[in-house]
Amino acid sequence: MNAAVIELDRLTRYFGKRAVVRDLDLQIPAGQVTALLGLNGAGKTTTIRIIMGLLYPTRGKATVLGHDTGQLSPEIRMRIGYMIEGHFLYPGLRVRECADLQRSGYPHWDDGLFQQVVHHFGVGLNDRAGELSRGQRAGVSLALVLAPDPELLVLDDPSLGLDPVSRRALNETLIEFAADGKRTVLLSSHMLDDVERVADRVAVMTAGRLQVDTTMDDFSKRVSGWVVEIAEVDLKLIESIPRLIEARQIGARLQLVVADADDETTAAIDRLGATGVEPIEMTFGDSVLAYLARRRGESSFLGADASVSTQSGVKR
Ligand SMILES: Nc1ncnc2c1ncn2[C@@H]1O[C@H](COP(=O)(O)OP(=O)(O)OP(=O)(O)O)[C@@H](O)[C@H]1O
């Protein structure tokens, strides 16, 4: 794996008595796009704010570009582009004035890139920020963080509230930015289709803990699903399926999703006494949803830990 640009070591953050980020071990490799996924409140923004040095961890450590995030110098910060949720711009400024304001703080500024990105989102340099649509505002925000040519780009839910055309522009811009493999991107998102398009790696958090941390290809290969026809559900037998991610009853059928299925999985499914067993063609979205639904209690059975990680293998 490439050198890590972001390293989180047993990162933990409490708000009051509540642990919002719990023992997070995560390494974001250089030159790749990593998507951080999780339900509302899973702890994504909190993690990102710690990475950006805007929040201290309660325990554990976060380093970015080799530096502790509690002590990021202005020089290190200049190497990072950070786009917050909501895409705030000063409403009275014209787009070219937003660029002027930002440009003064950076040693490198690629005006051609700035103009290219805003144009891609259908924005003119003389447009007023306050009169832009949400998608157009996102485009200007993105152009403002890309023009200084950051080594690391951190985007907190960049597609929030964007229409499909703006989302496509966002995806295309990110793919282009990361194409040469020299820049690193970490983005949080709820848009699984977009993530599938742009990301090389996926990290899934549920309730502050990391459940998945691997490449997109590895994730797809390691999560499998079946639909079983079953007259009577025996919870004990379902519990015995190793590395079960989710079991969900849909009418008379049971949908099972498992990490790292092997002969033991087949044997455990056989023991259910099903009248029919069909493998499911799992999409990326299906696999992520199985992990997310565990937490939300939408799964009829919350199985034992079935984490998928390239760093530590499957944790039982
Ligand atoms: N400053 C704060 N004080 C107290 N609780 C907080 C604070 N910031 C966040 N939280 C709580 O921490 C939890 C995690 O929030 P966080 O914003 O990190 O989640 P998220 O995964 O980014 O969610 P979303 O997808 O909705 O953006 C939430 O329950 C939130 O209410």
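The core draws at least three residues from each of domain 1 (4-218) and domain 2 (222-294). In soluble globular proteins, nonpolar side chains tend to be buried together.

This is a predicted model: local features need pLDDT of at least 70, side-chain atom pairs count only at pLDDT 80 or more, and totals for chains, interfaces and linings use all residues. Residues are numbered from 1 along each chain as its sequence is written.

**Overall build**

- The protein has 11 helices and 15 strands. Helices (H or I, at least four residues) and strands (E, at least two) are DSSP runs, numbered from the N terminus.
- Along its principal axes, the C-alpha trace spans about 70 × 40 × 40 Å.
- Of the 316 residues, 41% count as buried. Buried means 20 or more other C-beta atoms within 10 Å of the residue's own, exposed means 12 or fewer, and partly exposed lies in between; C-beta atoms are placed from the backbone.
- Among contacts with a separation of 6 or more, 72% come from residues 24 or more positions apart. Two residues are in contact if their C-beta atoms, placed from the backbone, lie within 7 Å.

**Domains**

- The domain assignment gives domain 1 (4-218) and domain 2 (222-294). Such bounds come from an automatic or database domain assignment.
- The domain centres, taken over C-alpha atoms, are 35 Å apart.
- 11 residues of domain 1 are in contact with seven residues of domain 2. On the domain 1 side, α7 (192-198), β9, β10 and α8 (216-222) each give two or more residues. α7 gives the most, with three residues.
- The UniProt annotation "domain: ABC transporter", from an unreviewed entry, covers residues 6-232. UniProt positions are given in the numbering used here, feature names are shortened, and annotations may be inferred rather than shown by experiment.
- Over residues 6-232 the chain is 33% helix and 31% strand.

**Strands and sheets**

- An open sheet of four strands has the order β2-β1-β4-β5, with antiparallel pairing. Strands pair if DSSP finds at least two bridges between them.
- β2 (18-29) and β5 (67-68) stand at the edges, each with a single partner strand, so one side of each has no neighbour in the sheet.
- Two bridges join β4 (residues 59-64) to β5. T63 stands opposite D68 in β5.
- Six bridges join the antiparallel strands β9 (residues 201-206) and β10 (residues 209-215). R201 has T215 in β10 as its bridge partner.
- β9 and β10 form a hairpin with two residues between them, and A207 in the turn has a positive phi of about 45°.

**Two residues to look at**

- Leaving aside neighbours within four places in sequence, V140 is in contact with L89, V95, C98, V118, V123, A129 and L132.
- V154 lies in strand β7 (residues 152-156). V154 is buried, because 24 other C-beta atoms lie within 10 Å.
- With the neighbours within four places in sequence left aside, contacts of V154 include I48, I51, M52, I80, Y82 and L186.
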